[in-house]
Amino acid sequence: MRARISTIIKTNEDRIWDELQKVSSLLYVASPILQFKPQKDHPLPERWTIGKEYKLRLSLLGIIPLGDHFITLVALDRKERTIISNEHGTLTNAWNHTIRLEAIDDQTTEYTDEIDIHAGILTCSIWLFSYVFYKHRQRRWKKLLDS
């Protein structure tokens, strides 16, 4: 199933593009709903790298363990303003995420998350959760970029 969630952010594409490449930005925008922690002996870098698999532990609200989660960036296309990650974990066979940026004007950007979710019998439930979670993330992006 595919979820597609968009919002308008009052900042320019370059600023969002720079923040999207920082691992700390993911940790910020996901919290407190989801928390990602690196697995032992797999520290997180400052910025994402294409082709490297990041091994994480995922928890809901920082207290309910949701198992392992693996993220591999497959594209960081500055020209097209697109980031694509292939993800999977304990709860999902595939959580493939595309982020798209589109300038509306010099200080306004449309930000879109598109997620393809495959999780067996949990797919519908996780798809519903993804809408709540990505609306939350987009609110946190606005807060981060407003600071």
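1. Residues are numbered from 1 along each chain as its sequence is written, and side-chain values use heavy atoms, with hydrogens and water left out. Because the model is predicted, local features need pLDDT of at least 70 and side-chain atom pairs count only at pLDDT 80 or more, whereas totals for chains, interfaces and linings use all residues.

2. Helix H3 covers residues 123-146, and its 24 residues should span 34 Å at 1.5 Å a residue, which agrees with the 34 Å between its end C-alpha atoms. Here the expected span is 1.5 Å times one less than the number of residues, while helices (H or I, at least four residues) and strands (E, at least two) are DSSP runs numbered from the N terminus.

3. Several residues of H3 are buried, among them Thr123, Ile126, Ser130, Phe133, Trp141 and Leu145, where buried means under 20% relative accessible area, exposed over 50%, and partly exposed in between (1.4 Å probe, protein chains only). The buried residues of H3 pack against strands E1 (2-9), E2 (34-38), E6 (94-105) and E7 (108-118), and also against helices H1 (13-20) and H2 (23-30); contact is taken as heavy atoms within 4.5 Å.

4. The structure holds twelve salt bridges, each defined as a side-chain nitrogen of Lys or Arg within 4 Å of a carboxyl oxygen of Asp or Glu. One of them joins glutamate 19 to lysine 22, with 3.0 Å from N to O. Glutamate 19 is buried at a relative accessible area of 14%, whereas lysine 22, at 21%, counts as partly exposed.

5. Another salt bridge links glutamate 114 with arginine 2, their closest N and O atoms being 3.8 Å apart. Glutamate 114 lies in strand E7 and arginine 2 in strand E1, so this pair ties together parts that are 112 residues apart in sequence. Glutamate 114 is buried, with a relative accessible area of 14%, while arginine 2 is partly exposed at 49%.

6. Glutamate 114 also forms a salt bridge with arginine 100, and the closest N and O atoms are again 3.8 Å apart. Since arginine 100 lies in strand E6 and glutamate 114 in strand E7, the pair ties together parts that are 14 residues apart in sequence. Arginine 100 is partly exposed, with a relative accessible area of 37%. Through shared partners, salt bridges join Arg2, Arg4, Arg100, Glu114 and Asp116 into one network.
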